[in-house]
Amino acid sequence: MDLKASETHKNLMRAFAGESQARNRYTFAAQAARKQNLYVVEAVFNFTAEQEKEHAEIFFDHLKELSGEELTIDAAYPIETYNDIKTILRNARDNERKEYEQVYKSFGETAEKEGFSAVAYSFNEIAKIEKLHSDRFAHFLNLIEKNELFVSSTETGFMCLNCGHVVTGKQAPMTCPVCKHNQGYFIRLELVPYGGKFNSGI
């Protein structure tokens, strides 16, 4: 099937628009977290926003043969202007869940039926990433709701995202003893990006 005559090209544009908006929503969410001194949550939203940017680029790249044209699409996108971090995380979790359970699953099936296997692959694989996003937001929401973002029932490591200093204990310090940044910069060591065996040796 010709891409221009397909439903898939519309789904690609819907996905591009959705990922672009998600990136901006997460950038706004990061700003809200920063205002509340939750720098670790800010980092999580910015980290995820950059992945959404890449998803948008992947979907947009599938449309390159239609470059120069304009496309009108029909789609619904969330309007979320909350300041409460728990509400922001909850909505982010649910939006990502909807993407991987419904939206991209459906888009992938349509692309496969229309003969666009490479596009179907992108939808299906990015859906798996959106599940990771949903799980990540859910985890941080759970920590905040249980008041365990900076507190642990057992001794664990906490790393300062600003300077990398690691402390071991049941609570992150109120101020980093090395760089003097506040507690909001600390993250549980097992959640630090690029951790793995490097973290376990600290």
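Which helix gives the largest share of the lining of the second largest pocket? Let's work towards that through this predicted model, starting with a pair of helices.

Helix H1 spans residues 8-35 and helix H4 spans residues 117-145; their axes come within 13 Å and cross at roughly 25°. Angles under 35 degrees count as roughly parallel, so H1 and H4 are roughly parallel to each other. Their crossing is left-handed. If you want to look at the contact itself, pick out Thr8, Asn11, Leu12, Ala15, Glu19 and Tyr26 on the H1 side, which meet Val119, Phe123, Ile126, Glu130 and Phe137 of H4. Sorted by class, the residues of this contact are seven nonpolar, two polar and two charged.

Now turn to the pockets. The largest pocket holds about 390 Å³ of space. Its lining is made of 17 residues, and Ala76, Tyr77, Lys98, Glu99 and Val103 lie nearest the centre. H1 and helix H3 (85-113) each supply at least two residues of this lining, with H3 giving the most, seven residues. In the lining of the largest pocket you will find 10 nonpolar, two polar and five charged residues.

The second largest pocket has a volume of about 280 Å³. Among its 16 lining residues, Phe28, Ala29, Glu80, Tyr82 and Ile88 are the closest to its centre. Here too, H1 and H3 each supply at least two residues of the lining. And that brings us back to the opening question: H1 provides the largest share of this lining, seven residues. The lining of the second largest pocket divides into seven nonpolar, six polar and three charged residues.

Note on methods: Residues are numbered from 1 along each chain as its sequence is written. This is a predicted model: local features need pLDDT of at least 70, side-chain atom pairs count only at pLDDT 80 or more; totals for chains, interfaces and linings use all residues. Side-chain values use heavy atoms; hydrogens and water are left out. Axes are lines fitted to C-alpha atoms, for helices over the stretch in contact, and angles run from 0 to 180 degrees between N-to-C directions. Helices (H or I, at least four residues) and strands (E, at least two) are DSSP runs, numbered from the N terminus. Angles under 35 degrees count as roughly parallel, over 145 as roughly antiparallel, 65 to 115 as roughly perpendicular and the rest as oblique. A crossing is left-handed if the near helix is turned anticlockwise from the far one by less than a right angle, and right-handed if clockwise. Contact means heavy atoms within 4.5 Å. Ala, Val, Leu, Ile, Met, Phe, Trp, Tyr, Cys and Pro count as nonpolar, Asp, Glu, Lys and Arg as charged, and the others, Gly among them, as polar. On a 1 Å grid over the protein atoms alone, a cavity is a set of points where a 1.4 Å probe fits but cannot get out, and a pocket is an open set with protein on both sides within 12 Å along at least five of seven lines; lining residues have an atom within 4 Å of a point. Grid points are joined across faces, edges and corners, and a volume is the space filled by probe spheres set on the points.
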